[in-house]
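I opened this notebook to record what I looked up in one structure. The entries follow the order in which I worked.

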Amino acid sequence: MKTATLALLISSFTANASDLPLNGSFQYRYLGMIPIFNADLHLPNDYTGPSFDPDKPVDLVFRYYRSVSKEQLIRQAEIALNSRRHPGDIERFSKQLAKLNSAYRNVNRGDRYRLNYKPTNGMALFLNEEELVTITRDGFPAFYFSIWLGEDASPSNMRKSLWADIMQKQSPTQ
């Protein structure tokens, strides 16, 4: 009985992670060896990407294999944004970045962060399906998602892996 209850709980938690189909996955490994997180990109079937479309919903789900502090999460996002974005963009979205950063929490092994974008609601951050914050400023979701989905995402194979199904649909058949 306990096993069936646990299986039901796990499957309902996993199913609630996204209502959208999985498009691609990427496992980030520190120094190429130590798994830190897995990222899953969920998109509607009619998504034409591979670029952020403000008219379509997006779910980007991170499942952690190790504990990571709030400060580490924020620092890595700042490094990515500062190295790839125009300083004017960072200044323009400084209030939204501060609001998002204040919502982040430490994560433990097994935790799941989800960035959810809906055109009518803006971008929401969830931790284990608890909504932490929603940001509605136009342009901010594309700016923030560019860390992982942009042309200059780092590592470069992350973007390719996350956009895998869309890119496969767009490539000519062999």
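I began with a term: contact means heavy atoms within 4.5 Å. I also noted that helices (H or I, at least four residues) and strands (E, at least two) are DSSP runs, numbered from the N terminus.

**Entry 1: the model and its conventions**

I recorded that this is a predicted model, in which local features need pLDDT of at least 70 and side-chain atom pairs count only at pLDDT 80 or more, while totals for chains, interfaces and linings use all residues. Residues are numbered from 1 along each chain as its sequence is written, and side-chain values use heavy atoms, with hydrogens and water left out.

**Entry 2: the chain**

I found seven helices and six strands in the chain. Along the sequence, they follow the pattern α-β-β-β-α-α-α-β-β-β-α-α-α. I then looked up burial, where buried means under 20% relative accessible area, exposed means over 50%, and partly exposed lies in between (1.4 Å probe, protein chains only). Of the 174 residues of the chain, 43% count as buried. Among contacts between residues at least 6 apart in sequence, 59% join residues at least 24 apart.

Axes are lines fitted to C-alpha atoms, for helices over the stretch in contact, and angles run from 0 to 180 degrees between N-to-C directions.

Helix α2 (residues 70–84) and helix α4 (residues 94–103) pack at an angle of about 150°, and their axes are 9 Å apart. This angle makes α2 roughly antiparallel to α4. For such words, angles under 35 degrees count as roughly parallel, over 145 as roughly antiparallel, 65 to 115 as roughly perpendicular and the rest as oblique.

Which residues of α2 and α4 meet? I listed K70, I74, E78 and L81 in α2, which meet L97, N101 and S102 in α4. The residues of this contact divide into three nonpolar, two polar and two charged. In this count, Ala, Val, Leu, Ile, Met, Phe, Trp, Tyr, Cys and Pro are nonpolar, Asp, Glu, Lys and Arg are charged, and the others, Gly among them, are polar.

I also noted that the crossing of α2 and α4 is right-handed. A crossing is left-handed if the near helix is turned anticlockwise from the far one by less than a right angle, and right-handed if clockwise.

Is α5 enclosed or open? Nine of its 10 residues are buried, so α5 is largely enclosed by the rest of the structure. The buried residues include F140, P141, F143 and Y144.

α2 and α5 pack at an angle of about 100°, with their axes 10 Å apart. α2 is therefore roughly perpendicular to α5. A77, A80 and L81 in α2 meet F143, Y144 and I147 in α5. By class, this contact has six nonpolar, no polar and no charged residues.

For α4 and α5, I noted an angle of about 60° and axes 11 Å apart. That makes α4 oblique to α5. Q96, L97 and L100 in α4 meet F140, F143 and Y144 in α5. This contact has five nonpolar residues, one polar and no charged. The crossing of α4 and α5 is right-handed.

**Entry 3: residue L81**

L81 is found in helix α2 and counts as buried, because its relative accessibility is 4%. Leaving aside its neighbours within four places in sequence, L81 is in contact with I90, L97, F143, Y144 and I147. The C-alpha atoms of L81 and Y144 are separated by 7.9 Å, although these residues are 63 apart along the chain.

**Entry 4: the nonpolar core**

A nonpolar core is a set of buried Ala, Val, Leu, Ile, Met, Phe, Trp, Tyr and Cys residues joined through side-chain atoms within 4.5 Å. In the largest one, which has 44 residues, Y113, Y144 and W148 touch the most other members. Helix α5 (residues 140–149) gives the largest share of this core, seven residues. In soluble globular proteins, nonpolar side chains tend to be buried together.

Leaving aside its neighbours within four places in sequence, Y113 is in contact with residues including L60, F62, L73, Y104 and L132.

**Entry 5: the loop between β5 and β6**

N128 lies in the loop between β5 (122–127) and β6 (130–135), and E129 is also placed in the loop between β5 and β6. Phi of N128 is near 50°, a positive value in a residue other than glycine. E129 has a positive phi of about 70° although it is not a glycine. N128 is partly exposed, with a relative accessible area of 30%. E129 is partly exposed, with a relative accessible area of 25%.
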